[in-house]
Every structure is written in structure tokens, then in C-alpha cells.
Amino acid sequence: DHTNADTLRTPIVAVLGHVDHGKTSLLDTIRGSAVSEGEAGAITQHIGATDIPLDTISGMAGDLIDPTDFDLPGLLFIDTPGHHSFSTLRARGGALADIAVLVVDVNDGFQPQTEEAIDILRRTGTPFVVAANKVDTTPGWNPQDGQPIQRSLAAQSERAESMLNENLYEIIGQLSDAGFSADLYWRVQDFQKNIGVVPLSALTGEGVPDLLTVLMGLSQRFMKEEMAIDVQGPGEGTVLEVKDERGFGATIDTVVYDGVVRNGDQIVVGGQDDPIVTEIRALLQPRPLEEIRTEKKFEKVAEVGAAAGVKIAAPDLDRAMAGAPVRVVRDRPLEEVIAEVEAE
Ligand code: GTP
Ligand code: MG
């Protein structure tokens, strides 16, 4: 029965945008940690995955969200790097995503990697919303920490509000030039036809409740069919990164988007030459709200259901490839699974 709540998986949300426009800061605010402080030059060089449970989302969204309206378990955010040299990582994140957040600095507007991200979203047909970030940098801004954006706008001077509006309409115009009809999100009736623009600040948190509300609404209304999966089916995922982990050797940071992966499962992983056939020795999961990229203490788990980020330890993974498919064999013929991985 696919309408049962426990058969709905977490939607995967990719966060895309130009370098320094605030993708990691936005996720930091959402998870209340400070990953960007530990990064080399504050540049995101790898894709990370963060699971935000529905409880946390509804806590942050306050009275904008009634959690009983939702039966999706939360949102799984994938951070991507904006620096121009990381285009394959961006494409990988975009292709994995069910929905996306395109982060645009309200002062800078569209920049080269904004255009590149839009191209990825168009190519993959991924629904997205625009986070018009850094509204707090508007001259004369009166910050309203963590508040919904309408409440924050009500506290601004006319001058500050009109300066912000000018920037927002510039972005709406740029979206239109890119072939997307867009408007401020509260004016959008049909999120399948129009792109919603959410003004916000990753620094002060204002507007973040709105973004979470729009993302949950989008997923619940338009993605629910696609979120209905066979939770007991053989797991499928994508390798984000191949990493050496002390005591485990080469491991793969993986986003599982379908079925279930169990410790001891035989898996087939796309390799630099041939597909790798191996057996899972350990499934290592960061705790909810922790970041798979920075989390040092993983918890060994018996199984992981979609969607989730998990580190898989198994022999022979040193020739695994970032971006490659991961498939659990379970009761399927091994040759068939190998052929599938080769074809991807
Ligand atoms: P890359 O991963 O390199 O593509 O950058 P990013 O998009 O993840 O940007 P990041 O979150 O690292 O932020 C870049 C800079 O902008 C940092 O100095 C942040 O503190 C600052 N910043 C991000 N969001 C805001 C905001 O809402 N307001 C203000 N004032 N500064 C912000
Ligand atoms: Mg970043």
C-alpha cells in the first residue's frame, strides 16, 4: 500500500548557486551548526548530505506549518559547491535531486554559476524555488531574526523595502530571461507553472521559515507519488565521494534514493574500470542534523532506508567512482545488476 506514511521517502533537495551566494550558510542556519567555518577557505569542495526531520522543520517554520498536513518524513538537503571548477559536482547534485533551491545573492543577481545551475535544472526537469539571499545587506535593514519574511518586511522602512524590491524584481526579470515565469512566492498560485522567489537571509534567519514551508508544500503536493517507494526493495543510490576512513579503508559516501541497504548486502558499485562487486562490512550513519561531510563519529547501523546519506564500508572500494551508481543485489541475478550498473 503506497499511501501508507511509512512508505514515503524523504525528498532530496539540492542547494545550488553561484560561489559565495550563501548555500552553505543557509544550510548552517537550517541545521544550527557551522559547517562552513571548518571548510578550506569557506569553499564547499564536496557534496554533503544533511537530513532534516519534519519535527525540526515544523519547529523552525513556526505557525507557517501545520505538521499534521504532512506525511513526508522531512527533507534531505545536498549542498553543492559554487566555485566554477566544480561543475561535475553541481551536475551530480542536480541530477540526484527531487527538488532544488537556487540561491541567489539579492545584490549580485544572476552570475555565471547561477546560469549554469539553471541549465542543469532545466535539463533534468527539476522543480525549484529561488532563495533570494542576504536581504539583511539592504541599506537601513532592520533585522527580525528568524521571522517569516512578511513579518520582517512589515518592520522595514519604506526606503529599505523599495530598495529590496528593486533587487527582487531584477532577479524575477533574470529568471524570465532564462525562460522561467517567476514571482514572489506568496503571489504564486501554481508552483508547477511559476517559480516562487523567497526573500531571506541565511545570516539572520528571516525568511527561512518561508523557504521550508514552500519546500514541504512543493514536495507534499507535487512529489508525493514519486516519494512512494517499496521501502523493503533492494537499495539504489549514488556515490557522492570516495574517502579513506581509518579502520575501514576506502569507503563511499552515498545517497540512497530508493529501497533499503542492509549491512552484509552484496552490492555492485560503478568503478573506474569495471563494476565492483563487494559485500557491505559496515553502514555508518551520521546522526540526524549532523553533516555527513564533517561528522567524525558515525553510528554503525544495521540498515538504511531511502532517502538518506550513508557511508558504506566494504572491501575493494578504492576504485569506486564519485557519481557512480550503487545497487544492492539481494535476490536479483548478479549479472543483471552488473549490466544495470554498466549501462548507467
Ligand atoms: P561556495 O560553497 O563557495 O559556493 O559558497 P556558498 O554559496 O556556500 O556561500 P557561503 O555560505 O560560504 O557564504 C559566503 C559568504 O557570504 C560568507 O562570508 C557568509 O557569511 C556570507 N553570507 C551568507 N549568507 C548571508 C546572508 O544572508 N547575509 C549576509 N550578510 N552574509 C551572508
Ligand atoms: Mg558552500
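Me: Which residues in α1 are buried?
Reply: In α1, the buried residues are K23, T24, S25, L26, L27, D28, T29 and I30. A residue is buried if 20 or more other C-beta atoms lie within 10 Å of its own, exposed if 12 or fewer, and partly exposed in between, with C-beta atoms placed from the backbone. Helices (H or I, at least four residues) and strands (E, at least two) are DSSP runs, numbered from the N terminus.

Me: What kind of model is this?
Reply: This is a predicted model, in which local features need pLDDT of at least 70, side-chain atom pairs count only at pLDDT 80 or more, and totals for chains, interfaces and linings use all residues. Residues are numbered from 1 along each chain as its sequence is written, while chains are lettered from A and ligands numbered from 1 in the order in which they are written.

Me: Back to α1: why is it described as largely enclosed?
Reply: Because 8 of its 9 residues are buried, α1 is largely enclosed by the rest of the structure.

Me: What comes just after α1?
Reply: G32 follows, with a positive phi of about 65°.

Me: Which residues have a positive phi although they are not glycines?
Reply: D20 is one of them, at about 70°, and K134 is another, also at about 70°. D20 sits in the loop between β1 (12-17) and α1 (23-31), and K134 in the loop between β5 and α5 (149-154).

Me: Is D20 buried or partly exposed? And K134, buried or exposed?
Reply: D20 is partly exposed, because 18 other C-beta atoms lie within 10 Å. K134 has 25 other C-beta atoms within 10 Å, so it is buried.

Me: Where is A132, and what does it touch?
Reply: A132 belongs to strand β5 (residues 128-133). Leaving aside residues up to four places away in sequence, A132 touches V104, V106, L168, I171, V197, V198, P199 and L200. Two residues are in contact if their C-beta atoms, placed from the backbone, lie within 7 Å. A132 is buried because 28 other C-beta atoms are within 10 Å.

Me: How many helices and strands does the chain have?
Reply: The chain has 8 helices and 17 strands. Of its 344 residues, 49% count as buried.

Me: Which strands pair with β13?
Reply: Strand β13 (residues 282-285) pairs with β16 in the antiparallel sense over 3 bridges, and A282 stands opposite A313 in β16. β13 also pairs with strand β14 (residues 299-301) in the antiparallel sense over 3 bridges, where Q285 stands opposite E299. Two strands pair if DSSP finds at least two bridges between them.

Me: Where is the cis peptide bond?
Reply: A cis peptide bond joins A306 and A307, with omega at about -10°. A307 is in the loop between β15 (303-305) and β16 (308-313).

Me: Changing topic, at what angle do α2 and α7 cross?
Reply: The axes of helix α2 (residues 54-61) and helix α7 (residues 208-227) come within 8 Å and cross at roughly 135°. Axes are lines fitted to C-alpha atoms, for helices over the stretch in contact, and angles run from 0 to 180 degrees between N-to-C directions.

Me: Which residues meet there?
Reply: I57, M60 and A61 in α2 meet V208, P209, L212, T213 and M216 in α7.
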